[in-house]
Structure formats: C-alpha cells, structure tokens
Amino acid sequence: MPEIAYINNNFIPLEKAFIPINDRGYLFADGIYEVIVTRNGKPFLIKEHLERLQRSADGIILEMPASLPELSEIIETGIRKAGFTETMVYVQITRGIEPRRHNYSAKLRANLTMTFRPHPEYDPQLAQGVSIITVPEIRWSRCDIKSISLLPNIMMKQRAVESGCQEALFVTEEGLIHEGTAGNIFFIKNKTLYTPQADQYILNGITRSYILQQAAIHGIKQIERECTLQETLKADEVFITSSTVDLLPVVKIDDSTIANGHPGPFSKVIKNFFP
Ligand code: PLP
C-alpha cells in the first residue's frame with residue numbers, strides 16, 4: 001500500500017507531495033498540527049483531536065481552512081484510501097503561503113495538508129519499561145497550543161536518544177515536572193494517580209484526558225496538581241502517555257530506578273483501558 005498525502009484538496013502519493021518554499025510553516029514554523037491514530041481501523045478520539053486543533057488555531061489567531069466535520073470527512077476518506085491495517089494520520093495547518101516577512105496579510109488562506117502512513121504495531125519490548133532523562137524546561141509559556149514550532153522538543157528528544165533513552169522530561173528550575181517532548185507524564189503513589197495540571201505549560205494530551213476519564217470510571221483516585229521531580233522519583237509507578245504510544249511505563253529517570261525497576265500493576269490496568 002502506498003503512503004498518501006492530502007494537499008491542494010487532493011489525495012496523492014506521499015513522495016509526490018511538495019510544499020511551496022513560501023509556506024509560512026516552512027519559513028517560520030507558523031502552524032499547528034494533530035496526530036490521530038486508528039484503532040480497529042477507526043480514528044480514535046477524532047472529535048477530541050479536532051476540537052483541540054480548533055483551540056490551537058484560536059490560540060494563534062488562525063482561521064481554519066475547513067470545518068471540523070469537513071476535516072473529519074477528509075480524514076476518514078484518507079484512511080479508507082490508504083487501506084492500512086492501522087493508520088497514523090498527521091494533520092498540519094499552516095498560516096498560508098506568501099513572501100517571507102514576520103507579519104502576515106489579513107486575507108492569507110491557511111494551508112491544510114495531511115499524511116496517511118501505517119501505524120507501527122506496538123513494540124512489546126516497550127512494555128518492559130523505558131528509561132528517560134530530565135532536561136531543563138526551555139520552552140515558551142503557551143505549550144497548550146499544539147504548534148509545529150518544536151525545536152526545544154526535538155533537541156531534547158535527540159539528547160535522550162543519544163543517551164540511550166526513550167524520552168526527555170522537561171523539569172523547571174523549581175524542580176517541577178511538566179511533560180515529555182512528545183507525551184504527558186503520570187505517576188502512581190499509594191494507589192493514587194498524579195499528573196501535572198493542564199495549564200499553559202503542558203499540552204493537554206487527548207490520551208491524558210482519556211486516561212483521567214477512564215480512571216474516574218474505574219474508581220482510581222486522581223490528583224491534578226503541580227508535581228515535583230523528587231516525588232516522581234519516589235513514586236510506585238511512572239508512565240508517559242501519547243496517542244502513538246498509549247502508555248509507556250518508565251522504570252528509570254536519569255540514574256534513579258523507579259520502585260523495583262519493573263512496570264507496576266496500575267500501568268497494566270490503565271493500558272487495558274485502550275481498545
Ligand atoms: N505533550 C506533548 C509535548 C506532545 O507532543 C504530545 C503528543 O504529541 C503529548 C503531550 C500527548 O498528546 P496526545 O495524547 O494528544 O497525543
């Protein structure tokens with residue numbers, strides 16, 4: 001099956017899809033995005049993802065080039081056309097195309113593109129737990145916007161990978177944990193689920209919200225508040241969540257082993273919340 005792209009209102013083979021050099025996404029990372037994966041062939045939590053896309057657009061004062069039902073329709077069509085067992089859909093909206101200057105024309109039309117690629121099967125090795133590193137929080141104070149400006153995230157993710165680790169966790173000078181470069185952080189202490197509150201310093205993950213909702217249904221006590229690195233290191237369980245990984249147990253942070261160094265029971269229970 002070929003990977004496909006949606007560009008200029010058409011589905012075409014991915015390798016034939018090109019962006020004009022004056023696209024403000026290319027020039028300034030002036031845009032927003034979503035990553036949606038399918039489960040059992042259906043886009044999982046698509047409504048929530050598209051609503052967040054709208055919030056991101058509002059956050060950067062960008063007029064969406066299509067309505068949410070139209071976007072939903074394009075995504076469903078792309079998934080059908082691609083024909084993969086499970087698909088990873090990448091949706092990007094940039095402010096539009098015009099010669100480079102920092103400010104933009106009021107009438108600029110946003111540029112919508114998507115890619116449809118196979119969603120790789122979950123690597124069972126990851127279920128054994130991963131190691132992560134901590135890195136200084138060097139990002140801006142609107143991390144709630146899912147912006148394509150991701151330089152700090154990619155630099156820190158690269159640092160993690162080069163240290164043989166799976167993720168990098170942003171930690172403030174005051175010792176507060178925020179989130180990973182591409183996922184939210186949770187820990188369990190005394191059977192209670194903790195995660196940093198969804199403010200402007202983290203992206204409020206769709207997976208994060210889903211887990212909190214499911215945990216409530218299953219009677220798991222949960223607390224959203226400022227969380228310190230010190231208490232995370234002493235937690236019974238730690239995990240990272242995102243649309244592409246669901247839940248990734250963390251068994252080591254820098255040089256500290258979490259609990260007995262193996263994923264705990266809550267991580268397994270919560271992983272089973274996913275269809
Ligand atoms: N935080 C950041 C910085 C991310 O990039 C992501 C996902 O890409 C997440 C959190 C998790 O978000 P979601 O669960 O919606 O995939």
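Predicted model: local features only at pLDDT ≥ 70, side-chain atom pairs only at ≥ 80, totals over all residues.
**Entry 1: distance.** I started with how far apart the two domains sit: the centres of domain 1 and domain 2, taken over C-alpha atoms, are separated by 26 Å. For the bounds, I have domain 1 at 4–118 and domain 2 at 124–271.

**Entry 2: who touches whom.** Next I looked up the contact, and I found 23 residues from domain 1 and 14 residues from domain 2 taking part.

**Entry 3: buried area.** I remembered that interface size is often given as the accessible area lost when the parts come together. For domain 1 and domain 2 I got about 1,500 Å² buried, with carbon and sulfur atoms giving 65% of that.

Entry 4: How many salt bridges does the rule find across the interface of domain 1 and domain 2? I wrote down one. I also looked at R39 and D246, which form a salt bridge with their closest N and O atoms 2.4 Å apart.

**Entry 5: the domain 1 side.** I then asked which elements give two or more residues to the side of domain 1 that touches domain 2. My list reads α1 (24–28), β3 (31–39), α2 (46–59) and β5 (87–94). The largest share comes from β3, with seven residues. Sorting that side of domain 1 by class, I got eleven nonpolar, seven polar and five charged residues.

Terms used: Residues numbered from 1 in each chain as written. Heavy atoms only, no water. Domains from an automatic or database assignment. Contact = heavy atoms within 4.5 Å. Buried area = accessible area lost by both parts, 1.4 Å probe. Salt bridge = Lys/Arg side-chain N within 4 Å of Asp/Glu carboxyl O. Helix = DSSP H or I, 4+ residues; strand = E, 2+ residues; numbered from the N terminus. Nonpolar A, V, L, I, M, F, W, Y, C, P; charged D, E, K, R; others polar.
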